[in-house]
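Dear colleague,

I am passing a structure on to you, together with some notes on what came out of going through it. Please look at the sequence and the coordinates before reading on.

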Amino acid sequence: MMAIRKRTLQQRIALRVARSRRDVFLPRDFAEFSGEDQVIRALRGLVSERKLLRLGKGVYAKARPSSLTGRAVLANPDGFLPVAQQALVRLGVEWEPTEAQRAFAERRSTQIPVNPVLRVIGRFSRKLRYGASELIIER
């Protein structure tokens, strides 16, 4: 008779990430599994396995392998800005689109906003970055 092996913390977190429809994860999402230090260690392991990307302190995003290079890229096909918006919502930070984004959405402008910029209402001092892109915060 075969013994049933319990899943490791990292395996349980990986399973929850894979099953989730969310793109952004915080260590508190996995608090019921173990203590914060162990959860962060397991998240670090998933980053090294290329199942997650670290966007900032305590902010992780679901990853998938790139079809061209095999390196980890954001799983969200829309890119960094929607993932950063989701991260701000998960962190409880109020934000709104910039004037340039609003003008493009309302068809008042044909210039496509390229840089990831958001206007934050209130206090927020973390840096969120993915590769060479860093979220620019407007006040």
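This is a predicted model: local features need pLDDT of at least 70, side-chain atom pairs count only at pLDDT 80 or more; totals for chains, interfaces and linings use all residues.

Residues are numbered from 1 along each chain as its sequence is written, and side-chain values use heavy atoms, with hydrogens and water left out.

The protein chain has four helices and nine strands (DSSP runs, H or I of at least four residues for helices and E of at least two for strands, numbered from the N terminus), and from the N terminus on these elements run α-β-α-β-β-β-α-β-α-β-β-β-β. Its C-alpha trace spans about 70 × 35 × 25 Å along the principal axes, and of its 139 residues, 34% count as buried (buried is under 20% relative accessible area, exposed over 50% and partly exposed in between, with a 1.4 Å probe and protein chains only).

On the surface, R28, R41, R44, R54, K57 and R126 gather in a patch of positive charge (residues with over 30% relative accessible area and no salt bridge, like charges being joined within 9 Å). R28 lies in the loop between β1 (24–25) and α2 (36–48) and is exposed, with a relative accessible area of 53%. K57, in the loop between β2 (52–56) and β3 (59–65), is exposed as well, at 64%, and its C-alpha atom is separated by 8.1 Å from that of L128, 71 residues apart along the chain.

The structure holds 12 salt bridges (a side-chain nitrogen of Lys or Arg within 4 Å of a carboxyl oxygen of Asp or Glu). One of them joins R119 and E96 at 3.6 Å, N to O; because R119 lies in strand β6 (residues 117–121) and E96 in strand β5 (residues 94–96), this pair ties together parts that are 23 residues apart in sequence. Another links E134 and R129 at 2.6 Å. Salt bridges with shared partners join E96, E99, R102, E106, R108, R119 and E138 into one network.

In helix α3 (residues 80–90), F80, V83, A84, A87, L88 and R90 are buried. They lie on the same side of α3, because they cover an arc of only 160° around the axis (taken from the directions from the helix axis to the C-beta atoms). After α3 comes G92, whose phi is positive, near 80°.

Key. Patches are made of residues with over 30% relative accessible area and no salt bridge: like charges are joined within 9 Å, nonpolar side chains (Val, Leu, Ile, Met, Phe, Trp, Tyr) within 5 Å. Accessible areas come from the Shrake-Rupley method with a 1.4 Å probe; for residues, only the protein chains shown count as cover. Lys and Arg count as positive and Asp and Glu as negative; His and the chain ends are not counted. The place of a charge is taken as NZ of Lys, CZ of Arg, CG of Asp or CD of Glu.
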